[in-house]
Structures are given as structure tokens and as C-alpha cells.
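Subject: Structure for you to look at

Hello,

Here is the structure I said I would pass on. My notes follow below it.

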Amino acid sequence: MNARHKASVFAFLFLCTAALPAAAARIGELSETSISSQAFRFFTFQDPTVRYALIGTMLLGITCGLLGSFVVVRKMALVGDMLSHAVLPGVAIGFLWNMSKDPLAIFIGATIVGLISTGVVNILRQTTRLKEDTVLGLVLGTFFAVGLCLFSMIQHLQTGNKSGLDKFFFGQAAAISSDDLRFMTVIAIIAIIAIVLFYKEFLVTSFDADFARASGLPTQVIHYGLMLLVAFAVVIALQAVGVVLVSAMLITPAAAAYLLTDRMHRMLWLAAVFGMLAGAAGAFFSFLGPGLPTGPFIVLGATSVFALAFLFGPRHGVIVRWLKQRSRSHRVQRENTLKSIYHVLEHREFKGEGVSLRELAERRHETVEDAKAQADTLRRHDLATLHEEGNLIFLTPAGWQLACSIVRNHRLWELYLTNAAQIAADHVHDDAEKIEHVLGEEVVREIERGLEYANRDPHGRPIPSLADVHRGTAPAYRSEEPAGYGGKM
Amino acid sequence: MKNSSDEISQARLISTRDSQGSANGHGSGEVPLEIHDLTVAYHRKPVLWGVDLAVPPGKLVGIVGPNGAGKSTLIKAAMGMLPVSSGWVKVFGEPVKKNLKRIGYVPQRESVDWDFPVSVMDVVMMGRYGHMGLVRRPKKKDHEIARACLDKVKMLPYANRQISNLSGGQQQRVFLARALAQESDLYFMDEPFSGVDAATESAIVTLLHELRNKGKTLLVVHHDLPTARDYFDMLLLLNMRVVAFGPTKEVFNYDLLQKTYGGRLTILSEVAHAVRQKEDAL
């Protein structure tokens, strides 16, 4: 371990030992109790601290989830981040107002400073050539730095009840008082009412601001109204989540909801529920040990929900996509086997219906074991029956139908490419190998119509007709018919 | 310095001389769109100069011109969506802000995020928002209108699809349906033919003619000259100023198109550049 490495470890340990217990000491009676008794204390809800913490974090989770949904679909995630950091000087000023942690003063201070920060962002954007992300980063840094200066100044003041002020950095749900809770309730209700009343205005300005303006909506007013609500959400979340992580509360539950649904109203519901669950989980876990900050637990709770949505989401989830991909490749493989069987039979002009494993293996350039595995798959899907101890494959009617339609797709597509797209006959096979599995019946019929019901592919082999596909037996063999290469499209 | 202001006044002269139809219109309440001496600047760089325009009712008007000619800017400014440096816009004889309800709009398809979590029906319903007023919810009548409009563009079967699953042509049909749902008398459309298949293009043309025959006035930004001649009753040739405005068969000629797409642009954009530099120096 080199010296620099050691130094950083010491710095980290110092932070843990110095900062966290300093916070823990003020929560009072939490120390020296076991995890199970803390958990018991949490779930009995007897302790008002627990009740306030739980209800408070759930309320802020709902508020942040709802407003965060609009932040996410309006692509304003960076704005949320900026706002949540920039309110810090406002918290300090609110404290300095009457030298106590009065929720109203802090709320007003933080909201005003938050609005000033968005104003500064707008001025810089309109008067300079700087782009939005640069301006946001600049304002975030500046305001946060001012906040840190004010905070260190407050720490050195002799007067005032400074207890709980440090919770604004990492968040401590246990520090939520009944006054704070009353406040959070009011804000949550305001946010919910605003979203219910102005849902359609928020929706249309988020989706298509130009169109909204052209229909006479006051888009600027709506935008700043929404920003004000976001600022409210940030401020009530500050105490429990902390300045550093509030923006994650806006974004993570909403991002998880976004992955799960395609409708805005459902996204709002989901994000609110996710935010609420994350808040409750964070309050619980931070309660288990002395001095555990709430913010990281709430955010990690939200991240867990996001991870679940990412992995198991029914439509866009990774696992579903993987399963779909797998079932598609299995289907393609089955269809290719059927096609090979068809080719073998076609080669002997469909005389004698069974195909032996060896013939199939030769045709597919595989081992007999592989061919056997393929044959078993076909049998399991009722596409084929096996005879003579599994050595002879007979296609079922369903198997014939599928085989005919794949061969038909392949040959029609080849003919289409050579005739309509003027691609050389020796270039079309590989493309048809892929397309044959995805062509819909409607498209195939249209191609057939366009080719004037030609019955020979570019290599002179007969194309199974729709009647062949529906019959469910070997196609009528037409080796004697004159080769029709199809008309031009 | 003197030189550049001379150029500006000359440019104004050209535009007023060439824009036909600007003579009538004053006082008549039934002129769907009247624009007087409109100048628009982006970041202090003028992109539209002294536009005069009076569009008669019941016409399908194509707006053509090269890239950067200010076609989108003109329709956005006409709807009062951009700050203008000078001039005014009247819609049916009233300032545009008062008559937004009589305006329908099809923005450029690329201007929105098609992954947005809304259904086709949600988007078309947005066309009704202007008629509903703040806070109000869509009523039965709004739903009926939205469905009828979707049916009109043959997208009713897709009403409950999410918009990201649509092809370019389908997306454009949805935007048209939304504009139809606005039930307006004056329509602005920004490149409704961009990125659509041939079937959609002819369906849109039929629809535009239908609207025109009902007495609606339509201004359509279009970038394909050969089809412009067939599609539109009147053409507005635009290149930072109005080069010409009149019936298609009168203005679709070599000289005017040459003027629109040819060398004229360089002088104006140089002046625009000079103006900007002068202001920066101050």
C-alpha cells in the first residue's frame, strides 16, 4: 500500500469517525441499542420520532416522484441537480433569520434562493453564448460554495440553536419535527392538487412546447410554475435526504417508472409509489443503527427499484428482452430445420415422406447428434413425429404448413429482390435467409401479387403456393410445369 | 456603416415591390393572415427582413426557399411565438394573440421527442386543449372530435399505441390529426411531407385540398420544388425576404426561382453579419 493510498484511507476514516458520530450524538437515545430492538421500535410506531420520520419521508417521496416525472420527461434532470444544490445558501439564510431551525424561514429562504438561481441561469443563457449544461454547472458550483461558506460561518457563531442544521448535508429523517411534518404535508398537497388541475397543461408543454404556445397556453408561466413546485419538493426533501442527494430523489423513482410504462399518468402513479417506498425504506434502515444518515438509504432504495425495473421490466426490461431474443433464435432454428427437411424431401421429389437423421445431418452439415436434438425439438413443438426408434422424421400437418411457408417466403423474397430490386440472383440467398423468418403473411401475399403469381424462384425451384401452405402435406410437385420467372413489378 | 444601411433599405424595397397582394387587406376583417413589415432576428442576426404579406382566404399556399431562408421562422413569427424586431401580424383582422384559437399548427416532426410516454390519442387530444381552457378536462365531444380526426388520417386503429412505435409517415399523420382537431380556419404546417412514404404524401395532399375546399387557408412550408408546382394554389418564394408571392403559375418561373435560390442570399447574409458585428463592437 503506497503512501497516497494510505492517506486517502485515513482521510476517509477520519470523515467517518468525525462526521457521522457528530451527527449521531444529537439523535440522542439511539446509541447502544441493538438492531432488532430498533427494528421493533420502528414497526410499533409508538415513538413519535419514528412516526414523523416515516410519514415525512413517504410524503417527500411522493412529492419528488410526481414532480420528478415531469423533470425527467422535460429532460431537465440537470436543472433538478442545480436547483437542489443551489438552495443551500437559502437554508443558511433562513437559519440566520431568527437563529433557529424554523421550517418556515428555511423554506422561504431556500425557495427564494432557488428561484434566484434559475433566474441567473436564464440570464446567463440569454446574454452569453454558453450552453445550458455549462451554465447549470457554473451556477450550481457558485451557489453551493456560497452555502458552504455560510454554513461554516454559522458553525462558528456563539449564539443560536444549531442542532440539526448539519442534517441538511446527508439527511436525517429522525430530525423531522412535527412542525416540519405539517409543512411537508402542505407542500405535498399543493403539489398533488397542482398536478391534478394542470395535468394537461404540464403534459402538452412537456411534449411539444411550440404547439402549446401556438394553442394559446401561457407556456412560460406553466414552466416557472412547475419549477417553483420542483423547488418546493427539493426544499422539503432537504432535511431527510440532504442537499447532495435530493436530485437523485427527483430522478431515480421517475426513471424507474419511465422504464415501466408508456403513459404519462401511469408514470406519475408509479413514480409516486416508488418514491414513497424508497422513503419508507430509507427511514427504516437509517433507524437501525446509530447515526446512519437517511439520504443515502432513501436513494439506494430508489436505485433498487430502478434496478428491478431495468432487469425485470415487462416491456423494456433486460431479462424480457433477452428471453424474447432467445425464443426468437429458437424459433429461427426450428424453422431452419423444417426447411432442411423440406429440401431433402424436395430433392427426391417428395417420394417417401420420412427423412432420416443422417440425411438431415448431411443436409445441415451437422453431426447426427445435433440433428437428433433438432428433431426432438420439432417433436416437442408438434411439428414432427419420430419413427423407427427416433431415426426417421415425419412432418405433422403443422410442420408441413410451417415448412412450406418458410420456403415460400424465402423463394418469393429472392424473386422479389432479383425482379423488383434488380439484384443479381447469386446475391439474394443470404438476405432471404434472414427475411424469411420475419415476413408477415400480408406482405408475402402482396409480393406474390406484385410478381404476378410466379411459381419459380430465381434458381428455377418451385415456390410453394398459399394453397400448399394451407394443405398441411407435401406440396404438389410441379417439376413438369414450365418455369415462370414472374413479371416485372 | 453607411453602406450596410443602404443595403437594408434596398432589401426592403425589393420585398415590398415583389410581394403582391399586400395592397389590399387593410381594414378587411376577413383576410386570414396579414403581415406588415415583419423583421425577425435571432441573437441579433436578422433572419427575416421586412416581410409584407396578405393571404387571401381559401388558398393553399406553399412556402418555398433554400435552407436558412427563414421559412419556419416566418410561420413561428406569424403565430407570435418569436420576438419580432419590427412589424405586426394580424389574423382575421385581429392581433394574432387574440385569434390563436382560429390557428392550427403542424410543427416539424423532428421537433418533439417521440419516446415521450403518450399514446396517439393523447397527442391528438392536445389539439383540443386550446378550446378547453385551463384546468378543464376533455369532454365527450372532444373525444368524438379526436376520434373523427384520427379516422380522417386513417390512424384510428393506432389510437392506443405509444407514439414511438410509429413510422415517419404515421407520425406525420398523427400531427395532422392533431391540427385537424384544432378545428381552425388558418393552418400553418412546417414540412408536413418530410420523411413520409408516397402513400402518406398523396393522402396528405388530398386532405389539404379538402381543407382548402372547405374555405380554410393553409400555409405549408415545403422543400421540394417539383411537387410544389402541383400541390399549391399560391407560392411564397422566400429567402430572408419575400422574393415573390402569387398564384403558382405566375411565380413559378425561372427568374424568380433563380432570385430565390441564387446569388441574392449572399448580400443579405453579409449585411446581417455586418449588423451583428457592428452591434458587438458597440
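To start inside chain A: leaving aside residues up to four places away in sequence, A:Met249 touches A:Cys64, A:Ala237, A:Val241, A:Gly275, A:Ile298, A:Val299 and A:Ala302. Contact here requires C-beta atoms, placed from the backbone, to lie within 7 Å.

This is a predicted model, so local features need pLDDT of at least 70 and side-chain atom pairs count only at pLDDT 80 or more, while totals for chains, interfaces and linings use all residues. Residues are numbered from 1 along each chain as its sequence is written, and chains are lettered from A and ligands numbered from 1 in the order in which they are written.

A:Met249 is also among the residues that touch the most other members of the largest nonpolar core, together with A:Ala233, A:Ala237, A:Leu238 and B:Val124; that core has 183 residues. A nonpolar core is a set of buried Ala, Val, Leu, Ile, Met, Phe, Trp, Tyr and Cys residues joined through C-beta atoms within 7 Å. Buried means that 20 or more other C-beta atoms, placed from the backbone, lie within 10 Å of the residue's own. Helix α3 (residues 48-73) of chain A gives the most to this core, 15 residues. Helices (H or I, at least four residues) and strands (E, at least two) are DSSP runs, numbered from the N terminus. A second, separate core has 21 residues, including A:Trp400 and A:Ile406.

Helix α19 (residues 397-419) of chain A reaches 32 Å from its first C-alpha to its last, close to the 33 Å expected for its 23 residues; the expected span is 1.5 Å times one less than the number of residues. Because 20 of those 23 residues are buried, α19(A) is largely enclosed by the rest of the structure.

In chain B, all five residues of strand β7 (residues 186-190) are buried. B:Leu186, B:Phe188 and B:Asp190 lie on one face, B:Tyr187 and B:Met189 on the other. B:Met189 is the bridge partner of B:Val106, and B:Val220 is that of B:Met189.

As for the interface, 20 residues of chain B are in contact with 21 residues of chain A. β6 (103-106) and α3 (120-132) of chain B each supply at least two residues of the chain B side, and the largest share, three residues, comes from α3(B).

Regards

Key. Contact = placed C-beta atoms within 7 Å. Buried ≥ 20, exposed ≤ 12 C-beta atoms within 10 Å, placed from the backbone. Pairing = 2+ DSSP bridges.
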